[in-house]
Amino acid sequence: MSAQIIPTRTSAETALAEAFGAAKSTLPGGADVIKLREDSFAVFHEAGLPHRRVEAWHYTDLRALMRDALPIVAAPTAAAIEALGKEFAAPGAPSQRLVLVDGVFAPQLSDALPAGVTVRSLADVLTEGRADLIALLSGQGLGAQDPIVSLNAALMQDGVVIEVAPGISVVEPINLIYATASSTPAARFSRSLVVVGAGASIRLAESSHGAGARVGQTYGCLIFSVGDEAKVDHSAMVTQTLPGSVRLETFIAHLGAKVKFDSFALIAGAGLVRRQIFLRFEGADSEGSLRGVSLLRGREHADTTLFVEHAAPGCTGREIFKYILDEEATGVFQGKIHVAPLAQKTDGRMLSKALLLSDTVAMNNKPELEIFADDVACGHGATCGGLNVDQLFYLQARGLPFAEAEALLLEAFAAELVDEIGHEGLIEAFRSEVSAWLSARVPARVEA
Amino acid sequence: MLEVKNLNVSIGGRKILNDFNLTVQDGEVAAIMGPNGTGKSTLSYVIAGRKDYTVESGEVFLNGVNLLELEPDVRAAKGLFLAFQYPLEIPGVATMTFLKAALNAQRKQRGEEELSTPDFMKRVKESADKLGIKSDMLKRALNVGFSGGEKKRMDILQMALLQPSFGILDETDSGLDIDALRVVADGVNSLRSEKRGFLVITHYQRLLDYIVPDTVHVMAQGQIVRTGGKELALELEKSGYREYVTEQAVA
């Protein structure tokens, strides 16, 4: 007796297949790229939208949560770009910016970068067909089996490719800004690559501009390839997304030897956010730190899933992710640290901490260690709970009303990781996002 | 003036304060001494407004205001200050942010204007200098990574800034070496005035060499069992608490 499995496709999956069929001849890239797109789409098509029986997506059942696939966004009009240009000309707009409009690099809205840093659009790089860059853009095995990473590779419209020459140091952040001109919700597929030369040092800050970037379905992918002894600081502001939006962000990092890599992300906004991180230590004695804060309320859902692979000896990995969950929100943290047999002296620590502010929130934690080397120090921890009552009482006893004491502790909980960003302007920007989220909170109940 | 009248307090059905009575006049420094587990810390927490305890009956008045009906922050604004046995570490809260928030919350509660930043900074600096608190300590997160002595000094700094009408020092000497004890005691002594009362809770006589009390009360089994002058502390140092514990047990 055998059961015949009849694959059924959801309307979203069917729509994505049709979109790929219609778009693939117009998407940028030569024969190699077309093959990459087709192979990638095959991975997606085989698996379909990930669902709860796919382990890595168990707590974010995209097949159920994303009923329909939106059409791929149309190219921005000249008028729309001009309008955005006025907004970026306003005082206070970030400098050293690279702007993507609806997933398409807009050089006219972007700034020239310091000497030693070159920027080209992904479309140009794909068309030009430089094998080394295309190999890096493929992710080189990281995330390759993930249906959403594959879908992004199949449909990547544009993005930026940043190359930082060896030894170059850029202190102020390069701002990678996702803006949108389309007024109707649509799907966007961007993929960007940052190649950091040996001994170079840069800071990259991702953010969104305007409400347009906060609706629709966004499939983003950012890949870092970091040379030996380079230093990279990265931050991502995934905030103020609007109800009904779906953001599926992939972050891939290949680290060489003696690299210092630090990444922070803030997730705060309506809709569904899934952020997946694939980091591989490929050279010895590097330090990698991944941090994140998710602030969720209403029926928001945010999932951070990371896979850290120690493939070289002597590396230090630090992963800490914090969640504040209110009302009926759902938080997901999955983290897997894999230590290969030759990655001796690995020092890996992973921690997730969630503050649950109501009885109707859900926090799903799944930390995992896979260790195949025998001389390592690895650990993980996960905590879920309320605010510390002793700390609350201490603040109240000094005169702070309960709501104010609570707000101060919540802000402190989130800000502790923000303060480690190491750049004052960015710390201020992230802190103000945290404050804005807290001040929109429904006034706290009186302590029971 | 602090008046505690017929206070009965329990926690989880276990009686801790047993018809407790105490009056501390303005300008008076009263010490409460007693063995472990007699309810000394409970007394301080109940007066300050911690909610883990059940107040069965009784009243606590500060300058005529019944504190037991008020939230902890309102009690603080009415002039009560509790120096904690173990001041809490609060990661992520900058010390200066906290000090300013506390001071202005109390002023707001009392209907006073917020303090300007220069005024605030000046006050903090003056008090910090007296207590030997360096500016880098003020730049850190509240009490995080501070030694026991530094935490206590930070608590006394808060008292100096908030200028309460009544201070309770809960085992302020615990975890302090002799130098730190002296600094903390000097800080407290400089705040003594005709208008301000103190209740000093301690196991040991040592603290009372530095903060010399006007009255000494012995507490056992949730009650004051003996009251005397500062010489009573010396007597206790010699004889210990055994006699009081036994007396109560027999009674």
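**Reading chain B and its helix pair**

Tutor: Chain B has 10 helices and 12 strands, where helices (H or I, at least four residues) and strands (E, at least two) are DSSP runs numbered from the N terminus. This is a predicted model, in which local features need pLDDT of at least 70, side-chain atom pairs count only at pLDDT 80 or more, and totals for chains, interfaces and linings use all residues. Residues are numbered from 1 along each chain as its sequence is written, while chains are lettered from A and ligands numbered from 1 in the order in which they are written.

Student: How does one describe two packed helices?

Tutor: One gives the angle between their axes and the distance between the axes. Axes are lines fitted to C-alpha atoms, for helices over the stretch in contact, and angles run from 0 to 180 degrees between N-to-C directions. Helix α6 (residues 148–162) of chain B packs against helix α7 (residues 178–191) of chain B at about 5°, with the axes 10 Å apart. α6(B) is therefore roughly parallel to α7(B), a term for angles under 35 degrees.

Student: Which residues of α6(B) and α7(B) meet?

Tutor: Among them are B:Ile156 and B:Met159 in α6(B), and B:Val184 and B:Leu191 in α7(B).

Student: What of chain A?

Tutor: Chain A has 10 helices and 19 strands, and 52% of its 448 residues are buried.

How values were computed:
Buried ≥ 20, exposed ≤ 12 C-beta atoms within 10 Å, placed from the backbone. Parallel < 35°, antiparallel > 145°, perpendicular 65-115°, else oblique. Contact = placed C-beta atoms within 7 Å.
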